[in-house]
Amino acid sequence: MPEAPFDWLDRHAEQRRRAGLSRTLRPRPADDPVLDLAGNDYLGLTHHPRVTRAAADAALRWGAGSTGSRLVTGTTALHGELEAELAALCGAEAALVFASGYAANLAAVSALTGPGTLIASDAANHASLIDGCRLSRAEKAVVPHADPEAFAKALAGHDGRAVAVTDSVFSVDGDAAPLAALAVVCREAGAGLLVDDAHGLGVLGEGGAGAVSAAGLAGSPDVVTTVTLSKSLGSQGGAVVGPARVIRHLVENARTFIFDTGLAPAAVGGALEALRVIREEPGRPVRTREVARELSERLASAGLLASTPDAAVVSVRAPSPEAALRWAERCREQGVAVGCFRPPSVPDGISRLRLTARADLTAAQVDAAVGVVVGTAPREPIGD
Ligand SMILES: Cc1ncc(COP(=O)(O)O)c(C=O)c1O
């Protein structure tokens, strides 16, 4: 008898389970007592009363949904305000809001390239950039991680349009891309530079203006930035920020802009208010970076292999996927939620815990988190 069409799914799930790679959903209660070092609310704004009030007000005024795609009925005055404020914070000419950072990345990569274009892409880039490369049907060169010379080599000799694509802060290890050096390489090669600043906006740069601004590249005509509204801005959604002609091109050509419902008003209103809070409280990004450094230093001095953070993310190596999973479980049992990254989310095959700093963590909470992560660490040795 031939196998039923989806029988293979059970075998596949079993293989993943045996390899310690199963993924499961865990709905969290609204009043979860667990200390959150797993989320991406870097500035502690998701529950900020001004941000939640603005989100609620926007829903009451404009509706629960945006009612249509941005080019039909899905653009409200609030979307325009958010785009103007995002562009102002990043020092760019214009911005365009998408339903997610994922959609913004698909749009930016695929609409700015295409068959005949060369994309040089950092080997550790986020999945959404990789998927944008796949969608683009451009020629691709995957370049060793954070290596400007490798980018230069990949771009050299290409005849025609080229774009280098990189995360600004890499989501798993939290290390920063060498953006200033990459910009020089791109300029010399006549290539554009596309930077995903999902983990830099709100954390790096003056007043949280982001990694592109921190690298002195704000307003550069050859640099395009994508951001998410779902991390530092405590909301949901994404945006592309850059030269006005890039934004005009995306409005007319980017499929994830044209064929997707506009971002819900509540998310727009929340993100807009978050930008205003950041402007009034420039100490928040500074505090987030301090907390990340403190977490990393204290974990390392307890003998763990903790990364040195360039922004809010600290990763800690685990001996195996199974050990990483057990470690994260034990942390949770003791009241601390941490991220657990295993292959294929980590292409180098090294499993890790991922801890995120927040501006609103108190000294006592940092103490408690360090105590739990150190106290539950696996005893097995960690290989190279
Ligand atoms: C580097 C990076 N880019 C893009 C995204 C996607 O953003 P969003 O969650 O808004 O779709 C993420 C989110 O996890 C990310 O870490």
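How many Å separate the centres of domain 1 and domain 2, taken over C-alpha atoms? I looked it up: 26 Å.

I am working on a predicted model, where local features need pLDDT of at least 70, side-chain atom pairs count only at pLDDT 80 or more, and totals for chains, interfaces and linings use all residues. Residues are numbered from 1 along each chain as its sequence is written.

**Domains.** I noted domain 1 as 49–280 and domain 2 as 282–375; the bounds come from an automatic or database domain assignment. Domain 1 puts 15 residues into the contact and domain 2 puts in 18 (contact: C-beta atoms, placed from the backbone, within 7 Å). On the domain 1 side I found 6 nonpolar, 7 polar and 2 charged residues. Ala, Val, Leu, Ile, Met, Phe, Trp, Tyr, Cys and Pro count as nonpolar, Asp, Glu, Lys and Arg as charged, and the others, Gly among them, as polar.

**Ligand.** I checked the shell around the ligand next. Of its 14 residues, Ser 100, Gly 101, Tyr 102, Ala 198 and Thr 228 come nearest (near: C-beta atom, placed from the backbone, within 6 Å). The shell divides into 2 nonpolar, 10 polar and 2 charged residues. Helix H4 (residues 101–112) gives the largest share, 3 residues. Helices (H or I, at least four residues) and strands (E, at least two) are DSSP runs, numbered from the N terminus.

**Sheet.** I traced an open sheet of 4 strands, ordered S1-S10-S11-S9, with mixed pairing (pairing: at least two DSSP bridges between two strands). S1 (35–37) and S9 (313–317) are the edge strands. S9 pairs antiparallel with S11 (residues 352–356) over 5 bridges. Arg 317 has Arg 352 in S11 as its bridge partner.

Methods. Two residues are in contact if their C-beta atoms, placed from the backbone, lie within 7 Å.
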